Amino acid sequence: MKHLSMALLFFLIIGILVSCSREEVESSGKRNFVQREVIGDWSLQIFNNHTFIDGYHGYNRTLVIPQFVGDKEITGVSEYASGSGFKVERGRGSITKLDFFGNSNMLSHSIGVFTFFTKVKEIVFNDNLVVIDRYAFSDCISLDTLRFPDRLQSISDNAFNNCSNIVYVELNPNLLNLEEHVFSDCKSLSTIKLTRTTEPLTKCDSTTFEMGVIDSIYYPKGINYPELPGWDNYDVVWQEY
């Protein structure tokens, strides 16, 4: 009888510990739960009351990121949950333009989110963009021109790596950081226009423009710009405008 009581007590304790453990896991799961939903042409991730687009199922060649999908306000674009980058059901090769202008919530672009969109020729950024993260648009080999919004502050390493058809880049006034290899292997890049009207960039890595063929840098009249790291690799002509 004594042994039976001890056995019952043992199993009771184990049951309590398992129950507590399950509650803790479930509680933790609730904190980290990501809801997935499909509305129209879009697949969504909903996390901590924020909604992100992570996939597109439509046929338009211009991918316009909306402010709302149904009654969901879109915070940004995230990588597809079970794969690399942004999921396009009918192939990334069908998209020729990325348009973020209509979504004022987008403050950043995620790591590698639009890499290998090989047919994209044009990107329209929204005015509130602050950060472009690593590899965000790498290997967009059809992209030829880049103009950044005024509020953009930082472009992380390899963000436009191997965008081999880019010829012209216009850097915005408030840009502070250009990390390493941002435009590495952009072998057609020949012209940079600076629009800053106060101080120059505080950080520009020596490998930022690696493998380009830069021959002209345009800058606002009356502003004295020092040559930044990396630009001394080229026989650059500085020209006022």
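Gly55 has Lys87 in β7 as its bridge partner. Strand β3 (50–56) pairs with strand β7 (residues 87–88) in the parallel sense over two bridges; two strands pair if DSSP finds at least two bridges between them. Strands are DSSP runs (E, at least two residues), numbered from the N terminus. This is a predicted model, in which local features need pLDDT of at least 70, side-chain atom pairs count only at pLDDT 80 or more, and totals for chains, interfaces and linings use all residues. Residues are numbered from 1 along each chain as its sequence is written, and side-chain values use heavy atoms, with hydrogens and water left out.

| Partner strand | Direction | Bridges |
|---|---|---|
| β2 (residues 42–47) | antiparallel | six |
| β6 (residues 72–77) | parallel | three |
| β7 (residues 87–88) | parallel | two |

Phe52 is the bridge partner of Gln45, and Phe52 also stands opposite Gly76 in β6. Two residues lie between the strands in the hairpin of β2 and β3, where Asn48 takes a positive phi near 50 degrees. Five of the seven residues of β3 are buried (under 20% relative accessible area, with a 1.4 Å probe and protein chains only).

His57 is located in the loop between β3 and β4 (62–64). The side chain of His57 forms a polar contact with that of Glu89, at 3.5 Å; such a contact is a pair of N or O atoms within 3.5 Å, and within protein one must be able to donate a hydrogen and the other to accept it, while residues adjacent in sequence count only if both atoms are side-chain atoms.

Methods: Helices (H or I, at least four residues) and strands (E, at least two) are DSSP runs, numbered from the N terminus. Buried means under 20% relative accessible area, exposed over 50%, partly exposed in between (1.4 Å probe, protein chains only).
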